[in-house]
Amino acid sequence: MINNLKFNLPDGHDEKQFIRQLADQYTIKKEPTVDERLRIYDTFDWRLFNKALILYSAGNRLFLRKLAKSEILHSVEFSKVPVFIQDFHAGEFKKQLAPIIKMRALLQLVELQSRSTPYRILNSDQKTVARLVFEEIRPPRKRSTPASANHLWLKPVKGYPKYARNLAKRIEAAGFTRGKAEDIYFEALAVVDKTPGSYSTKMNIRLDPAMRSDQAAKVVLRFLLNVMRINEAVFEKDLDTEVLHDFRVALRRTRSALAQIKNVFPTRTTSRFKKNFAYVGKRSNALRDLDVYLLNQDAYKAMLPAAVRDDIDPLFRHLRKKRAKAFQHVMRGLKSKKYATLMKDWEAFLNQPPPDSATALNAELPVIELARQSIYKKSLGVVKTGNKILANNENETLHALRIECKKLRYLMEFFASLFPRKKMNALIAQLKNLQDNLGDFNDLCVQQEYLLHIAAELPAGQRHIQKTLVAIGSLIEALDREKHDVREAFAKTFTDFAAPAIQKLFQALFSSKAQSG
Amino acid sequence: MTTLALYSNKGGVGKTAAAVNLSYLSAQTGTKTLICDLDPQGSATYYFRVKPKLKSGPKGFVKGNKGVYKSVKGTDFENLDILPADFSLRKLDVLYTKFGNSKKRLKKMLYPFAGEYRLIILDCPVTIGILAENILNAADCTLVPMIPTTLSVRTYNQLLAFCKKKRYDVAKIYPFFSMVDRHKKMHKDLMLSVSRKYRGVLKSFVPYLAQIEKMGIYRAPVAVSAPESLASKSYQNLWSKVQKNILNPL
């Protein structure tokens, strides 16, 4: 690989004069200037950037390349810019993007006007041995504004290193200075004040072990509040299903933090916010459920025998109608005075300076101690409940175990920065396996019930609806088979989690005996 | 990395012209492409204005010495590099026979290029010996230009028989018509019967055109010297067929 060199232009730079000067030593051929409208895309949560991929369009083509590399991985023509993965035609492009963006929408991050003027340096055979490219980038439709980036690129051609070396010397002698060869992506986003990777739902906080517990809890809660605020601000645009999902996860984590980080705030404060946040969550339950059914549409259809596959379409049409209503319901909630007051009070509470005297039992306890206590206790609880299920083969308690696991997971994530990262990740991964199994089982139960219930809503008299009902029946049966498999897998998944090696690690990290001994 | 060979056991059928134009069109899509000029006559190398010189020498080429990789040159076009020919490559058949594991040496030599290039196009000389076997082993698929004449069809049959005898997968061989004279009835008739008789015949052909012969004067792919010409369009059609039928399914 040979690297392109980037130079900043000197003051009072004159392109033509510079090229004339070079022409005393080199044969130079000017190529046509290329004006391009560039648009860069990513998902709301920077999924492509996080994989070091850049998706952009120029003209009517879409390109995918690696960050800091000029090679195009894939390119495809489009008539309408794709938003969701299903908008792409089958092919390599789609194959590479699908597992990364999944159900998220592609958003335009920035639009830019780029102008590049290439010059080729030729040898005596009229062969290109190096390239010079003047590049100018500016926001579109603002010809009068100064370019936001102006550079000269020296692009060596493989096999002709001497030319590049000599040209670099000439360029520097003419007053150009070497610039950082940063990807144009960063400059482009800087123009619109965007920071790649700035949004993530991962608990990106650092706690100090000696911190007071009430203050540490506020750090966690402020992070979650920020995630809620960010998603709430774009909710109205209905970008994709994950805006609501991220909002709800942050909300659920907030409620869990209020309940599980025990006795750090006055009881009255905690219970008021817990109650109000529960209400906000409940208001969006129906919309989230509908989103999940609609996201699963293809998977559901794949479960059905081919003969009845398309018969189920009226169900999804019905669900889409319901979704539009549910969306408005959530929208009204987020715009309500009640919600605004709640969030304002919450923010004010989180920003209050710490009280002089302790207002709750654990408020002044170093957070590391509270974290150890709560995580260890919860982990013992999970093992106990799981063992009970194994012994009695009960299905009813599975739901309770799922909730307990969730609480444990949240606690571990809130306090992850206090413990060794590798060990923490290993434990979370093991817990996640168990959660996935329990989550799948719960989803399948809920879905079966929902389908039974929704079937009653369809206008049963119509002939094609009868076919739909048959298809729904067939789907319920398919879900039942899957449920059975998932339930079968529980014993092994749980035994893996309850294995001595894992439990010893929980003990070593969190038990107070292990710490004092 | 995918390797595509432009190969025929008959001379003067338009292998080099196709290799040069297809490699250019591939690079234009942003794909890092390498054209390997295996022909000691070095025509592809000449078209790209590069000196026919391998730093490794022919033995080093067969053994895959460092000199091979240092010989690669950038062309006039972004994303397109060339491994130039060398007159000494005429000894390839002899040298492959001389060293052990003689039929997979070319494949092994190309392997280190996988990190940098996504497509390698081999411009092959006329051969049907050990070098041909090296090419068939190295290529993921082989494009065979065919003039619609009885002699050409006969040579193609010889190639298929050779592949069957040596157990090479004939499903990886795709013929396409080249140097087609659309005014000749015989060309038209033969094209029809060959397309019916053989599998994998690409439904895109390159006509016999002066513009293609002029590549020697302009020393550039026709898509560069005459972008709007029929010659340029026929290679573009061929390239889209190659992408759709061969490269995408791989």
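The exposed residues K95(A), A98(A) and P99(A) sit on the face of helix 3 of chain A that is turned away from its buried side. Helices (H or I, at least four residues) and strands (E, at least two) are DSSP runs, numbered from the N terminus. The model is predicted: local features need pLDDT of at least 70, side-chain atom pairs count only at pLDDT 80 or more, and totals for chains, interfaces and linings use all residues. Residues are numbered from 1 along each chain as its sequence is written, while chains are lettered from A and ligands numbered from 1 in the order in which they are written.

Helix 3 of chain A covers residues 92–101, and its buried residues are F93(A), L97(A) and I101(A). They cover an arc of only 20° around the axis, which puts them on the same side of the helix. The arc is that of the directions from the helix axis to the C-beta atoms. An α-helix has 3.6 residues a turn, so residues three or four places apart point the same way. The buried residues of helix 3 of chain A pack against helix 2 (47–50), strand 5 (61–66) and strand 6 (72–77) of chain A. Contact means that the C-beta atoms of two residues, placed from the backbone, lie within 7 Å. Just after helix 3 of chain A comes K102(A), with a positive phi of about 45°.

Helix 6 of chain A (residues 213–234) has 22 residues and should span 32 Å at 1.5 Å a residue; its end C-alpha atoms are 33 Å apart, which agrees. The expected span is 1.5 Å times one less than the number of residues. Buried residues of helix 6 of chain A include A217(A), L221(A), L224(A) and M228(A). The buried residues of this helix pack against helix 7 (241–260), helix 12 (337–351), helix 13 (367–392) and helix 14 (396–414) of chain A.

Chain B has 13 helices and seven strands. Its radius of gyration is 17 Å, close to the 18 Å that the globule rule gives for 250 residues, so chain B is as compact as a globular protein of that length. The radius is taken over C-alpha atoms, and the rule is 2.2 Å times the number of residues to the power 0.38. Buried residues make up 48% of the 250 residues in chain B.

The largest nonpolar core has 72 residues, and L122(B) and I135(B) have the most contacts inside it. Such a core is a set of buried Ala, Val, Leu, Ile, Met, Phe, Trp, Tyr and Cys residues joined through C-beta atoms within 7 Å. Helix 1 (residues 15–28) of chain B gives the largest share of this core, eight residues. Apart from this core lies another, of 54 residues, among them L207(A), V280(A), L434(A) and F490(A).

N79(B) lies in the loop between strand 3 (73–74) and strand 4 (80–83) of chain B. N79(B) is buried, with 23 other C-beta atoms within 10 Å. R167(B) is in the loop between helix 8 (150–166) and strand 7 (173–177) of chain B. R167(B) is exposed, with 7 other C-beta atoms within 10 Å.

Technical notes:
Buried ≥ 20, exposed ≤ 12 C-beta atoms within 10 Å, placed from the backbone.
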